[in-house]
Amino acid sequence: MIAAADGAPRPAFELIDLLLRDRPAMLARLRGCADLAAILRTMIATIAVAMAIVGAALGSYRGGVQVAYAAIKLPIVLLGTAALSAPALSAIGAALGRPSRLAADLALVMTALAFGALLLAACTPLILLARALDLGYHQTILATVALFALAGAAALHLICRGVALEAAAGWRTAVAGMCVVFSLVGGQLAWALRPYLVRPRAPEPMFVREVEGSLLDAITGAARSARGIYDRSEAPLGERVP
């Protein structure tokens with residue numbers, strides 16, 4: 001437990017420490033519905049700070065205002081995903097006979113996403129290293145997608161462990177349905193609020209871009225471009241400054 005200068009415990013830091021060091025104990029605390037409001041506040045703040053760090057690291061590939069843009073948008077993506085996925089878990093579970101626990105489910109989803117956000121924040125040196133080594137734009141995109149996929153898988157695994165502890169009827173189906181909603185909502189929010197990683201020579205970045213194609217098309221295109229297969233002759237360039 002981390003203590004303040006006056007010796008009093010700091011519950012927020014205690015919760016983060018518990019999440020990183022003893023996840024079974026954290027899940028037991030969530031199952032007991034103890035201090036859900038405090039847990040929610042801590043996990044929301046953790047997601048906001050951790051994803052702002054990750055966003056700033058991604059935005060540094062372009063630099064300038066893109067650092068602030070990405071630092072603002074990534075926390076919105078994760079918090080929005082949690083806000084829409086938790087009700088799906090509760091609703092599907094209730095339809096299958098699982099007791100409705102919306103507040104506890106929201107705390108569980110937020111906690112799992114906070115864990116994923118902390119994992120991503122721990123990977124920011126890799127993102128900065130890729131920039132320092134001048135890794136190609138499309139290779140950097142694919143590496144970023146892989147990091148987010150691993151963090152998302154870790155978050156979903158934590159949710160599955162938390163719901164499995166209940167041993168309630170229909171929990172597997174509820175988790176499966178929530179995973180589908182999680183993937184669709186998270187992917188759509190991330191796609192709607194792009195770009196995060198912008199070419200250094202691209203025109204002045206904008207906060208969001210018009211919808212074109214789909215997320216799957218973008219990932220497939222990045223994979224093709226990383227292999228040297230381009231669907232257009234050249235990328236747009238900004239004005240050259242003498």
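**Note on contacts in a predicted model**

1. Arg-29 and Glu-14 form a salt bridge, with their closest N and O atoms 3.9 Å apart. Arg-29 belongs to helix H2 (residues 23–31) and Glu-14 to helix H1 (residues 11–21), so the pair ties together parts that are 15 residues apart in sequence. Arg-29 is partly exposed, at 23% relative accessible area. Glu-14 is partly exposed too, at 24%. Keep in mind that this is a predicted model.

2. How many salt bridges does a search of the whole structure find? The search finds four. A salt bridge here needs a nitrogen and a carboxyl oxygen within 4 Å, so the 3.9 Å of Arg-29 and Glu-14 qualifies.

3. Look next within helix H1. The side chains of Arg-21 and Asp-17 meet in a salt bridge, 2.6 Å from N to O. The two residues are four apart in helix H1, so about one helical turn separates them. Arg-21 is exposed, at 69% relative accessibility. Asp-17 is partly exposed, at 25%.

4. Another salt bridge joins Asp-134 and Arg-131, with the closest N and O atoms 3.6 Å apart. Is Asp-134 buried or exposed? Asp-134 is exposed, with a relative accessible area of 60%. Arg-131 counts as partly exposed, at 29%. Salt bridges with shared partners also link Glu-14, Arg-29 and Asp-35 into one network.

5. Arg-131 has a second contact to check. The charged end of Arg-131 sits over the ring of Tyr-61, 4.9 Å from the ring centre.

6. Now the aromatic rings. The structure holds one aromatic pair. The ring centres of Tyr-61 and Tyr-137 are 6.2 Å apart and the planes meet at 45°, so the pair is tilted. Why tilted? Planes under 30 degrees apart would count as stacked and planes over 60 as edge-to-face, so 45° falls in the remaining class.

7. Where do these two tyrosines lie? Tyr-61 is in the loop between helix H3 (36–59) and helix H4 (65–95), while Tyr-137 is in helix H7 (residues 137–164). The pair therefore ties together parts that are 76 residues apart in sequence. Tyr-61 is buried, at 7% relative accessibility. Tyr-137 is buried as well, at 16%.

8. Helix H4 holds Ser-90. Ser-90 counts as buried, with 5% relative accessibility. What does the side chain of Ser-90 contact? The Ser-90 side chain makes a polar contact with the side chain of Asp-105, at 2.5 Å.

9. Ala-57 is placed in helix H3. Ala-57 is buried, because its relative accessibility of 8% is under the 20% limit. Ala-57 and Ala-121 are 64 residues apart in sequence. In space, their C-alpha atoms are 9.2 Å apart.

10. Which residues make the nonpolar surface patch of about 310 Å²? They are Ile-72, Ile-76, Phe-207 and Val-208. Phe-207 lies in the loop between helix H8 (171–192) and helix H9 (215–226). Phe-207 is partly exposed, at 31% relative accessible area.

Terms used:
Residues are numbered from 1 along each chain as its sequence is written. This is a predicted model: local features need pLDDT of at least 70, side-chain atom pairs count only at pLDDT 80 or more; totals for chains, interfaces and linings use all residues. Side-chain values use heavy atoms; hydrogens and water are left out. Rings of Phe, Tyr and Trp (its six-membered ring) pair if their centres lie within 6.5 Å; planes under 30 degrees apart count as stacked, over 60 as edge-to-face and the rest as tilted. Buried means under 20% relative accessible area, exposed over 50%, partly exposed in between (1.4 Å probe, protein chains only). A charge sits over a ring if NZ of Lys or CZ of Arg is within 6 Å of the ring centre and within 35 degrees of the ring normal. Patches are made of residues with over 30% relative accessible area and no salt bridge: like charges are joined within 9 Å, nonpolar side chains (Val, Leu, Ile, Met, Phe, Trp, Tyr) within 5 Å. Accessible areas come from the Shrake-Rupley method with a 1.4 Å probe; for residues, only the protein chains shown count as cover. A polar contact is a pair of N or O atoms within 3.5 Å; within protein, one must be able to donate a hydrogen and the other to accept it, and residues adjacent in sequence count only if both atoms are side-chain atoms.
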